[in-house]
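Please load the complex in a viewer and keep the selection tool at hand. The stops below proceed from pockets to strands and then to individual residues.

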Amino acid sequence: MKPLAVHLDTDIGDDIDDAFCLALMLSSPELTVTSVSTVFMNTAVRADLVSEMCKVGGQSPVVVEGLQGVMASRPVDVSTRKPNHLASKTYERPAADVLKVLDHARRVCEAVLTIGPMTDLAASLLARPYDGSGRAIAMAGEFQRSRHIEWNIRVDPEAAAVCFNSGLPIDLIPWSIGPAVKLRPQDVDRIRASSKPIAKLLLNYLEQFWKHVPNKTNMYDPMTVVALLRPDLFTWERGRVTVELRGDATYGMTNFNHDEAGPHRVAMDVKADEARAFLVDRICT
Amino acid sequence: MSKKFSVHLDTDIGDDIDDAFCLALLLRSPEIKLRSVSTVLNDTAGRADMCRELCEAAGQSPKIVAGASGVITRRVFKNSRSRKPPHVASRSYDYKADIGATLATLADVRQSYDVLLTIGPKTNLAMSLVADPDVSRFPRYLAMAAEITVCNHAEWNIVVDSEAADVVCRTGMPIDFISWKIGIDTKLTADEQAWLDKQTNPVAKVLNDYRGQFKKTHATTQNMYDPMTVVALLHEEWFTWRRGYLRVEVAGEHSMGLTFLRDDPAGPHRVAVGVDAEKAKKWMLERLGD
């Protein structure tokens, strides 16, 4: 069967789960990573990580540096933020326009996966509004944990609202799925024991990351890939997601209303053991 | 018995059935001297009729005033201003909404009572606080209001008049909140409802009449939000409390009326987030029974 073409939009370099997500994509024979865009702040540094992973993973997608800024009216304070893991070197990339790359991806890919702030996708949807083509799977939002404003939304609520109001079908992996599929020490041991080059690189990034955030292994982002390949592992609810843009204490909070005709599906639960095993098996073997 | 607590109740009795339970529990509690009642939201005269009917059944005659029928917020929540009460008094006592009398009553409450309970929107109290912001003397205050643990749940008494709730919370005076979840946790079982149906004391008779009307639109559910303010007043040890600063979202488009607690051991607010439901219900039902 011909592999499914996918695009990834990522803020890789902060939390480690973006790297796991890309590693899973590169390790999945059902997928071809046709293009990757980076988003939010150090997009060149993030693109180096992507280039390094793709090279080790044996694929050569278009890698493009996306938008560094945000549409947010009340941005988060980023004055002290630095990447938590880095590529071993810088990589040359052909010049590319993120909007053109994303526009193409929306037309031809099975899905656009967004695992960072939704700024790039929002810009694409403003440049060419949804016309019935394309779908997205986003790690974004939270609908079960009281008063939790999820990071990818909080960084750019206005961009998220553009995406959710666009009509584009979007499946959401909310925050609460990530801790449910947290890697256990034995999972990390399996990665450590793997001889696969991508697993070795991933371990290198994980060890860099743990110097800043010891032992964190919540797997938010890779669940977008699992949702694409194994949607049966999730409990989905269909409806409409809205983003609070005017709230004082609630700016960036996501709200879900059930609607059988709605364009959004939210993963409310996950078969955690199976999803985690799927991820680790793919990366290690 | 030691001195009774002098209590004022501010209520939107006539909508959910729990207000009637709360008033009945006050009237059946020997530790309580119910000195006055004010009603709030929409048909406050009709609500005052219900209070009078229950009080007469108990042989008590607190001052009853019909308070504000409107709300301070300009963002009306869903059908909050138009819905019909699912239960009413059997007769009219010709109350009229009287804001002046309500503010005068609340001024007296604030200066001389032991306890204030609010179990509806906080419109009357907010107007009182706008009229006189000095809270250096204030009775112990318990409110059925707010929710801090259930995701994205805007509690009715807050969301119906978020601005009023904001005025009250920002005074900085001590408030104990019975959160929405407490009412769910103390929902009456079918057996408990059947037991109550058999009680024949005068207060229970009126309460059961209201319950019968209420069941026509709410067949099975009787959540005990409001009476838990009385239980918490007399048995706060049955509740799990979190202390801090409660804040009301008043600017949000999709989140108006959500409440947030910033935990702080020096904060003026306590929110009940857990309850020994069996103890609380048993105690309440014993009070209401024959």
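Begin with the largest pocket, which holds about 1100 Å³ of space. Select B:Phe77, B:Lys78, B:His153, B:Ala154 and B:Trp156, the closest to its centre of the 46 residues that line the largest pocket. A pocket here is an open set of points on a 1 Å grid over the protein atoms alone, where a 1.4 Å probe fits and protein lies on both sides within 12 Å along at least five of seven lines; a cavity is a set from which the probe cannot get out, and lining residues have an atom within 4 Å of a point. Grid points are joined across faces, edges and corners, and the volume is the space filled by probe spheres set on the points.

The model is predicted: local features require pLDDT of at least 70 and side-chain atom pairs pLDDT 80 or more, whereas totals for chains, interfaces and linings use all residues. Residues are numbered from 1 along each chain as its sequence is written, chains are lettered from A and ligands numbered from 1 in the order in which they are written, and side-chain values use heavy atoms, with hydrogens and water left out.

Next, colour the elements that each supply at least two residues of the lining of the largest pocket: β7 (234-243) and β8 (254-258) of chain A, together with α1 (18-27) and α5 (156-159) of chain B. Helices (H or I, at least four residues) and strands (E, at least two) are DSSP runs, numbered from the N terminus. With five residues, β8(A) gives the most to this lining. By class, the lining of the largest pocket comprises 18 nonpolar, 14 polar and 14 charged residues. Ala, Val, Leu, Ile, Met, Phe, Trp, Tyr, Cys and Pro count as nonpolar, Asp, Glu, Lys and Arg as charged, and the others, Gly among them, as polar.

Move to the second largest pocket, with a volume of about 270 Å³. Of its 16 lining residues, those closest to the centre are A:Asp15, A:Glu150, A:Trp151, A:Asn152 and A:Tyr220. Both α1 (17-26) and α5 (151-155) of chain A supply at least two residues each to this lining, which has five nonpolar, two polar and nine charged residues.

**Strands of chain B**

Select strand β7 (residues 239-248) of chain B, which runs antiparallel to strand β9 (residues 269-275) of chain B and is joined to it by six bridges. Strands pair if DSSP finds at least two bridges between them. In β9(B), B:Gly274 is the bridge partner of B:Thr240. Five bridges join β7(B) to strand β8 (residues 259-263) of chain B, again antiparallel; there, B:Thr259 stands opposite B:Val248.

**Individual residues of chain B**

Centre on B:Thr44, in helix α2 (residues 44-57) of chain B. B:Thr44 counts as buried because its relative accessibility is 1%, where buried means under 20% relative accessible area, exposed over 50%, and partly exposed in between (1.4 Å probe, protein chains only). Leaving aside residues up to four places away in sequence, B:Thr44 touches B:Thr39, B:Ala66, B:Gly67, B:Ala68, B:Ser69 and B:Ala97; contact means heavy atoms within 4.5 Å.

Then select B:Asn42, in the loop between β2 (32-39) and α2 of chain B. Its phi is near 60 degrees, a positive value in a residue other than glycine, and B:Asn42 is buried at 15% relative accessible area.

Finish at B:Ala146, in the loop between β5 (140-144) and α5 of chain B. Phi of B:Ala146 is near 85 degrees, also positive in a residue other than glycine, and the residue is buried, with a relative accessible area of 0%.
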